Amino acid sequence: MSDLLKLVGARIRNLRKQRGLSQAKLAELSELQDSYIGGIERGERNISLKSIDKITSALEVEPVEIFRFGSLDGIEGNTEKHQVIEMHRSLLMERSFEEVAMIQRVVRDMLHTFDKEKNK
């Protein structure tokens with residue numbers, strides 16, 4: 001499977017989940033089969049421009065949004081990590097600056113603790 005297909009599929013899944021939609025509901029809104037949506041999200045199906053247009057319309061996003069996943073370097077085996085990072089990013093976007101700053105401090109402290117444990 002292509003890394004690009006996996007990334008696009010993961011991005012569509014994240015956008016769908018952010019909007020609280022099931023695969024079946026996204027399929028209905030985009031006039032596509034839910035099995036096709038599932039295949040896209042798993043990176044198993046090659047997605048056409050027509051399908052991208054239908055899906056992004058159903059998700060109410062610009063088509064470029066499904067390509068906002070960062071660099072393709074070193075993606076092999078890291079798709080899940082990128083999905084989790086993207087999920088965290090989307091959660092943080094809904095928060096105030098003060099909340100994001102507090103979360104950043106907590107995460108920095110946790111990583112510092114993890115690093116200390118690793119170096120023991």
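1. Start with helix H2. Its buried residues are Leu26, Ala27 and Ser30. They cover an arc of only 100 degrees around the axis, so they sit on the same side of H2. The cover over these buried residues includes H1, H3 and H4. Keep in mind that this is a predicted model.

2. Ser30 deserves a separate look. Ser30 belongs to helix H2. Its relative accessibility is 2%, and because buried means under 20%, Ser30 counts as buried. What does Ser30 contact, leaving aside its neighbours within four places in sequence? The partners are Ile37, Lys54, Ile55 and Ala58.

3. Next, the largest nonpolar core. The core has 19 residues. Which of them touch the most other members? These are Ile12, Leu26, Ile47, Ile55 and Leu59.

4. Ile12 shows how the core is joined up. Residues up to four places away in sequence are not counted here. Ile12 touches Leu26, Ile40, Glu41, Ile47, Ile55, Leu59 and Ile66. Among these, Leu26, Ile47, Ile55 and Leu59 are listed with Ile12 as the core residues that touch the most other members.

5. On the overall fold: the protein chain has six helices and zero strands. Along the sequence the pattern reads α-α-α-α-α-α. Take contacts between residues at least 6 apart in sequence: 60% of them join residues at least 24 apart.

6. On burial and surface: the protein chain has 120 residues, and 32% of them count as buried. Its accessible surface comes to about 8,300 Å². Carbon and sulfur atoms account for 55% of that surface.

7. Finally, confidence. Mean pLDDT for the protein chain is 85, and 89% of its residues reach 70 or more. Where does pLDDT stay under 50? The stretch is residues 71–76, for which the model has six contacts beyond four places in sequence. Where pLDDT is low, the predicted coordinates should not be read in detail.

Key:
Residues numbered from 1 in each chain as written. Predicted model: local features only at pLDDT ≥ 70, side-chain atom pairs only at ≥ 80, totals over all residues. Heavy atoms only, no water. Core = buried A, V, L, I, M, F, W, Y, C linked by side-chain atoms within 4.5 Å. Buried < 20%, exposed > 50% of the residue type's maximum accessible area, 1.4 Å probe, protein only. Contact = heavy atoms within 4.5 Å. Helix = DSSP H or I, 4+ residues; strand = E, 2+ residues; numbered from the N terminus. Arc of directions from axis to C-beta. Areas by Shrake-Rupley, 256 points an atom, 1.4 Å probe, with all protein chains shown as cover. pLDDT = per-residue confidence, 0-100.
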